[in-house]
Amino acid sequence: MDDQTRIEIEAAAFRRLRQHLMEDRQDVQNIDMMNLAGFCRNCLSRWYQEAANEKGIEMGKEEAREVYYGMPYSEWKAQHQTEAGADKQAAFEKAFKENVTDKG
């Protein structure tokens, strides 16, 4: 497989993952994703931002989130995010530290 074809296939897989998380499974909470998988929609938007920045495209966190979520993040949260109990919040703190904070 040539590099261009591989890049196109990887991009299509990313788009399908985004569709799955943003359209098919809006019920899945970011906190649950982070606690179980070590990443969430916000991580995907951050990785998008980092890739843009590496290509010399200035993009901030909120701009990347809006691109990924298809709306301002505050709107997504208002429409789809539910309250998390203390147990989920504690698990999130641990997962975030292990998968985001300590990865830098």
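The following legends describe an overall view and several close-up views of a predicted model.

Local features are given where pLDDT is at least 70, side-chain atom pairs count only at pLDDT 80 or more, and totals for chains, interfaces and linings use all residues. Residues are numbered from 1 along each chain as its sequence is written, and side-chain values use heavy atoms, with hydrogens and water left out.

**Figure 1. Overall view of the protein chain.** The secondary structure comprises 6 helices and 0 strands, arranged along the sequence in the pattern α-α-α-α-α-α. Helices (H or I, at least four residues) and strands (E, at least two) are DSSP runs, numbered from the N terminus. Along the principal axes, the C-alpha atoms fill a box of roughly 50 × 30 × 30 Å. Of the 104 residues in the protein chain, 27% are buried; here buried denotes under 20% relative accessible area, exposed over 50%, and partly exposed in between (1.4 Å probe, protein chains only). Among contacts (heavy atoms within 4.5 Å) with a separation of 6 or more, 52% are accounted for by residues 24 or more positions apart.

**Figure 2. The largest nonpolar core.** A nonpolar core is a set of buried Ala, Val, Leu, Ile, Met, Phe, Trp, Tyr and Cys residues joined through side-chain atoms within 4.5 Å. The largest such core has 14 residues, and those with the most contacts inside it are Met34, Tyr68, Tyr69 and Trp76. Two or more residues of this core come from each of helix 1 (3-24), helix 2 (30-37), helix 3 (41-54), helix 4 (61-69) and helix 5 (73-80). When residues up to four places away in sequence are not counted, Met34 touches Phe39, Cys40, Cys43, Phe92, Ala95, Phe96, Asn99 and Val100. In soluble globular proteins, nonpolar side chains tend to be buried together.

Figure 3. Rings of Phe, Tyr and Trp (its six-membered ring) are paired if their centres lie within 6.5 Å; planes under 30 degrees apart count as stacked, over 60 as edge-to-face and the rest as tilted. This rule gives 6 aromatic pairs. Phe14, Tyr68, Tyr69, Tyr73 and Trp76 are joined into a cluster by ring pairs. A charge sits over a ring if NZ of Lys or CZ of Arg is within 6 Å of the ring centre and within 35 degrees of the ring normal. The charged end of Arg18 meets this rule over the ring of Tyr68, at 5.5 Å from its centre. Over the ring of Tyr73 sits the charged end of Arg65, 4.3 Å from the ring centre.

Figure 4. A salt bridge is a side-chain nitrogen of Lys or Arg within 4 Å of a carboxyl oxygen of Asp or Glu. Lys88 and Asp32 are joined in this way, at 3.1 Å from N to O. The pair links distant parts of the chain, with Lys88 in helix 6 and Asp32 in helix 2, 56 residues apart. Lys88 is partly exposed, at 34% relative accessible area, and Asp32 is also classed as partly exposed, at 22%.

**Figure 5. Further salt bridges.** The whole structure holds 8 salt bridges. In one of these, Arg16 pairs with Asp24, and their closest N and O atoms are 3.1 Å apart. Arg16 is partly exposed at 41% relative accessibility, as is Asp24 at 38%. Another joins Arg46 to Glu50, with 3.4 Å between the closest N and O atoms. Because Arg46 and Glu50 are 4 residues apart in helix 3, about one helical turn separates them. Arg46 has a relative accessible area of 25% and is partly exposed; the value for Glu50 is 37%, likewise partly exposed. Asp3, Arg6 and Glu10 are linked in a network of salt bridges.

Figure 6. A disulfide is a covalent bond between the sulfur atoms of two cysteines; the criterion applied is a pair of cysteine sulfur atoms within 2.5 Å. The structure holds 0 disulfides. The cysteine sulfur closest to that of Cys40 belongs to Cys43 and lies 4.2 Å away, too far for a bond. Cys40 is buried, at 4% relative accessibility, and Cys43 is buried at 2%.

**Figure 7. Lys94 in helix 6.** Lys94 lies in helix 6 (residues 86-99). Lys94 counts as exposed because its relative accessibility is 52%. Lys94 and Glu23 are separated by 71 residues in sequence and by 28 Å in space, C-alpha to C-alpha.
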